[in-house]
Amino acid sequence: MRDLPGTVRATPPGAPGLAGILTVVIVGSVMSVLDVTIVNVALHPLAVAFDAPLPAVQWVATGYTLALAAVMPVAAWAMGRFGARRTYLTAVALFTIGSALASLAWNIGTLVLFRVVQGLGGGLLMPVGMAMVIRRADRKRMGRAMAYLGVPVLIGPVTGPVLGGWLVDAASWHWIFLVNLPVGVLALILGARLLPRDATAAARGPDVPAGLDLPGLLTLSPGLGLLIYGLSTGGERGDFTAPGALLPTVAGLLLMTGFVVRASTASQPLLELRLFRERTFTAALATLTLFPCAYFGSMLLTPMYYQTVRGLSATESGLLGAPLAVAVGVSMQVATRRIDRASPRLTVVPGIVVAALGLSLFAAQLGAETPYWRLCAAMAVMGTGVGMVLMPANTTATRALAPADVPSGSTMVSIASQVGASIGTALMSVALASGAAGTAGAAGTGGTSGAPSAGAYRDAYWWAVALLALAVVPALLLPSRRRSREETPVPTHPNPSPTPLQTKAQE
């Protein structure tokens, strides 16, 4: 029986094949995570270098995010049509070429354009890489394999802000993109040598998709892009009701609704929405939307607080974020490995509670002169909880996917996290802007207009705490135990007719 394009047979984590896939995927993920954290630190220096207003320079980040969101829905189809190996190597090549071009940008417009090229590659890296790992890993030890995918989460946030600040201060802005080139070339070389070769077109035969679901693509990709653009614009302006924010947000929601209607009736939809019939998958996906909404939204506030209220440099604020990143990485490695034996619900729900407790401690003591060690300690508590949620929930969502459903499942997980992070960033921006306006109004004309106080940041953090608490609701629907069928690897090739998830965790 023939495998699906890009499918590799399930083998134990230590078997030949998985180690190579993990190596390639980790290198590629480190490159993309480092890039995002480095560029975020360098936005102000880029504004100075190009003599451009900050709103224009913010498109360096926004353009990348929009391209990321627009290309993610194509990942499942591309894996089916061209194979996972070819798709992943193409993504790495696009990201590397985009990085090289960005380093040569001569004005802010060309820099944004080249960042879009980077985003087209970056949007495929995570869903395709995750799909390759899921298909190769033994289902009984999926958590161990997924724990390795969490390594970039430890490396990127710790080293990115510090490396970005150092490159800008010691060299020039060009190096924040040039640093990607050796990593990208290494990922291409390793990928060409270590990734399993895709089946030939003749061998794939009827398994090759008949064609791209163009109506689905033309509704979902623009819908995601417009939604994220509207949210980003609302966050920047501190007002979601402004026409420039409201209209694209509504248009994006309408297009995404159209995609759902289309996918519900299409014979070969862009993404298999029938996966939502499985409660475990749906609960995990909802958790992976709400939790990143709060977590990444709050992470927007932290460096801004250190720089605007405490007067620290970008490098110093990056160093103060290290305890959080280390706690996330260590906790994630432990919790994701334990998810192979432990209850998903009894891992993820306590993790959300611990994360909310840590962020509450941070918000409660936030002020203009709070000792840094106390703030770092609170963030370390939060990071411990974060590590217990993200990859364990991801593993729970994808463990029971049939091979044919892995591309759609991994793509939907990536989309959910990206949309959640975009919503959280926008909400925290609006909350902070509202708090700053309230503080300025209360202070009268003697205050500094638009400059957020420690109190404004504290109020915004409490909104993030509320969002974290909300993530408990879907997490409570996760299975409280695993049954023996879930421990058995699913068949390499699914039944010809569409099926729901072939294995099901029960209460």
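Predicted model: local features only at pLDDT ≥ 70, side-chain atom pairs only at ≥ 80, totals over all residues.
## Overall make-up

The protein chain holds 23 helices and zero strands. Of its 507 residues, 57% count as buried. Among contacts between residues at least 6 apart in sequence, 85% join residues at least 24 apart.

## Helices H4 and H7

Two packed helices are described by the angle between their axes and the distance between the axes. For helix H4 (residues 59-71) and helix H7 (residues 108-136), the angle is about 35 degrees and the axes are 7 Å apart. Their crossing is right-handed.

On the H4 side, the contact is made by Trp-59, Val-60, Ala-61, Gly-63, Tyr-64, Ala-67, Leu-68 and Val-71. The residues of H7 that take part include Ile-108, Leu-111, Val-112, Arg-115, Gln-118 and Leu-124.

## Helices H8 and H20

Helix H8 (residues 142-149) and helix H20 (residues 390-398) have axes that come within 10 Å and cross at roughly 130 degrees. Angles from 65 to 115 degrees count as roughly perpendicular and those over 145 as roughly antiparallel; H8 and H20 are therefore oblique to each other. H8 passes H20 in a right-handed crossing.

From H8, the residues that meet H20 are Met-142, Gly-143, Met-146 and Leu-149. Their counterparts in H20 are Met-391, Asn-394, Thr-395 and Thr-398. Tyr-148, which also falls within the residue range of H8, has Arg-337 over the face of its ring, at 5.0 Å from the ring centre.

## Ala-102 and its surroundings

Ala-102 is located in helix H6 (residues 84-103). Its relative accessible area is 0%, so Ala-102 is buried. Leaving aside neighbours within four places in sequence, Ala-102 is in contact with Leu-111, Phe-114, Gln-118, Trp-173 and Phe-177. Leu-111 and Gln-118 are also among the H7 residues that make the contact with H4.

Ala-102 and His-174 are 72 residues apart in sequence, yet their C-alpha atoms are 7.8 Å apart in space.

## Aromatic pairs

A search of the whole structure finds 13 aromatic pairs. One of them joins Trp-173 and Phe-177, with 6.3 Å centre to centre and 80 degrees between the planes, an edge-to-face arrangement. Both Trp-173 and Phe-177 are buried, and both are in contact with Ala-102.

The ring centres of Tyr-305 and Tyr-306 are 5.3 Å apart, and their planes stand at 50 degrees, so this pair is tilted. Tyr-305 is buried, as is Tyr-306. Together with Tyr-372 and Tyr-457, these two residues form one aromatic cluster.

## Ser-414 in helix H21

Ser-414 belongs to helix H21 (residues 406-443). With a relative accessible area of 7%, Ser-414 is buried, because the cut-off for a buried residue is under 20%. Not counting residues up to four places away in sequence, Ser-414 touches Met-72, Met-126, Pro-127 and Met-130.

Helix H5 (residues 74-82) has as its buried residues Val-74, Ala-75, Ala-76, Ala-78, Met-79 and Gly-80.

Definitions and conventions. Residues numbered from 1 in each chain as written. Heavy atoms only, no water. Phe/Tyr/Trp six-rings, centres within 6.5 Å; stacked < 30°, edge-to-face > 60°. Buried < 20%, exposed > 50% of the residue type's maximum accessible area, 1.4 Å probe, protein only. Lys NZ or Arg CZ within 6 Å of the ring centre and 35° of its normal. Axes fitted to C-alpha atoms, helices over the stretch in contact; angles between N-to-C directions. Helix = DSSP H or I, 4+ residues; strand = E, 2+ residues; numbered from the N terminus. Parallel < 35°, antiparallel > 145°, perpendicular 65-115°, else oblique. Left-handed = near helix turned anticlockwise from the far one by under 90°. Contact = heavy atoms within 4.5 Å.
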